[in-house]
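Below is a colleague's note on one model. Please read the points with the coordinates open.

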Amino acid sequence: MTLLGYERYCDEITAQTDQLRAVIAGADLFAQVPSCPEWTLGQLARHVGGAHRWVEAIVRTRAERDIPEDRVADAEGPAGDDPAALDAWLADGAAKLVGALREAGPGTGVWSWGWERTTDFWARRMTHETVIHRADAALAAGAPFEVAPDVAADTIDELLQCVGFAAASGDPEAAELRGPGRTLHFHATDAPGEVDAEWLIEFGEEGFGWRRGHEKATVAVRGPLADVLRVIYRRLPADSDRVEVLGDVKLLDFWLERTSFG
């Protein structure tokens with residue numbers, strides 16, 4: 001696993017938000033988001049902008065405990081449905097978050113729900129939160145979805161860490177990912193040589209483990225990295241013709257049903 005680095009994450013929060021804004025620009029804000037059917041495209045944008053402002057408040061105040069979202073200023077976004085106001089609000093929220101992260105610097109202690117209670121956790125988490133919801137927005141708007149290979153690979157790494165953390169924390173669905181002799185292999189077919197874009201997931205008596213690597217598995221998913229990412233995050237059906245599934249499809253379904261995130 002190779003982290004991208006604190007400054008790169010800060011850069012990516014801005015870049016990913018700008019790309020999200022570009023997808024939303026001119027799109028129907030009332031269109032349903034197929035991968036998040038409880039949201040319209042406008043509600044998805046407000047979720048992302050609200051998350052940025054929530055984390056900004058945590059980082060800026062060096063919070064030692066969770067901050068209720070109803071105590072975060074301007075977390076719901078502008079009144080009405082003016083696309084220009086929503087776009088400006090999204091840009092402003094990302095800028096404020098990145099500003100707070102850079103002012104605090106890496107390694108600063110703050111509350112988080114995860115395994116690491118520092119600003120580093122949030123810089124990485126908000127990068128990938130924005131990446132995945134940009135995929136949602138692209139799906140709703142009928143736009144293409146592309147992402148830099150190293151960012152996509154780290155997005156997958158982070159999900160696997162989140163699943164491991166959930167299992168260790170007693171999450172009942174994640175705790176079911178055990179039992180020896182079952183393995184999954186995710187293989188990106190278009191990643192450049194400097195990006196190791198293959199993952200092996202092994203179920204064991206004590207729960208699942210994972211590593212980067214190429215090995216034969218009970219079930220394998222092969223395809224372009226952006227599509228493998230979307231399958232893992234349940235933003236693309238595993239039976240899509242954009243990927244190839246080899247082996248025990250039921251095991252893949254079992255995994256996906258218990259690892260939804262983002």
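The numbered points below go from the whole chain to single residues.

1. Basis. This is a predicted model, in which local features need pLDDT of at least 70 and side-chain atom pairs count only at pLDDT 80 or more, while totals for chains, interfaces and linings use all residues. Residues are numbered from 1 along each chain as its sequence is written, and side-chain values use heavy atoms, with hydrogens and water left out.

2. Overall form. The protein chain has eight helices and seven strands; helices (H or I, at least four residues) and strands (E, at least two) are DSSP runs, numbered from the N terminus. The radius of gyration of the protein chain is 18 Å, which agrees with the value near 18 Å for a compact globule of 262 residues. That radius is taken over C-alpha atoms, and the globule rule is 2.2 Å times the number of residues to the power 0.38. Along the principal axes, the C-alpha atoms fill a box of roughly 50 × 40 × 35 Å.

3. Of the 262 residues in the protein chain, 52% are buried (buried is under 20% relative accessible area, exposed over 50%, partly exposed in between; 1.4 Å probe, protein chains only). Among contacts with a separation of 6 or more, 67% are between residues 24 or more positions apart (contact means heavy atoms within 4.5 Å).

4. Largest pocket. Its volume is about 640 Å³, and 29 residues line the largest pocket, with Trp39, His47, Ala51, Glu69 and Glu129 lying nearest its centre. Strand E2 (36–40), helix H2 (41–60) and H4 are the elements that give two or more residues to this lining; H2 gives the most, with six residues. By class, the lining residues divide into 13 nonpolar, six polar and ten charged. Here Ala, Val, Leu, Ile, Met, Phe, Trp, Tyr, Cys and Pro count as nonpolar, Asp, Glu, Lys and Arg as charged, and the others, Gly among them, as polar. The search runs on a 1 Å grid over the protein atoms alone; a pocket is an open set of points where a 1.4 Å probe fits, with protein on both sides within 12 Å along at least five of seven lines, and lining residues have an atom within 4 Å of a point. Grid points are joined across faces, edges and corners, and the volume is the space filled by probe spheres set on them.

5. Serine 112. This residue is in the loop between helix H3 (83–104) and helix H4 (119–141). Serine 112 counts as buried because its relative accessible area is 0%. A polar atom of its side chain lies 2.8 Å from the backbone oxygen of glutamate 116 (a polar contact is a pair of N or O atoms within 3.5 Å; within protein, one must be able to donate a hydrogen and the other to accept it, and residues adjacent in sequence count only if both atoms are side-chain atoms). Not counting residues up to four places away in sequence, serine 112 touches Arg117, Phe121 and Trp122.

6. Tryptophan 199. Strand E4 (residues 198–204) holds tryptophan 199, which is buried at 0% relative accessibility. The side chains of tryptophan 199 and aspartate 157 are joined by a polar contact of 2.7 Å. Beyond four places in sequence, the contacts of tryptophan 199 include Ala153, Leu160, Phe186, Trp210 and Leu225.

7. Aspartate 28. Where is aspartate 28 found? The residue is in the loop between helix H1 (6–24) and strand E1 (32–33), and is partly exposed at 46% relative accessibility. A polar atom of the aspartate 28 side chain lies 2.9 Å from the backbone nitrogen of phenylalanine 30.

8. Positive phi. Most residues other than glycine have a negative phi. Aspartate 74, in the loop between H2 and H3, has phi near 60° and is partly exposed at 42%. Arginine 234, in the loop between helix H7 (225–232) and strand E7 (244–247), also has phi near 60°.

9. Helix H8. At the start of H8, a side-chain oxygen of aspartate 248 reaches to within 3.1 Å of the backbone nitrogen of lysine 250. The buried residues of helix H8 (residues 249–257) are Leu251, Leu252, Phe254, Trp255 and Leu256.
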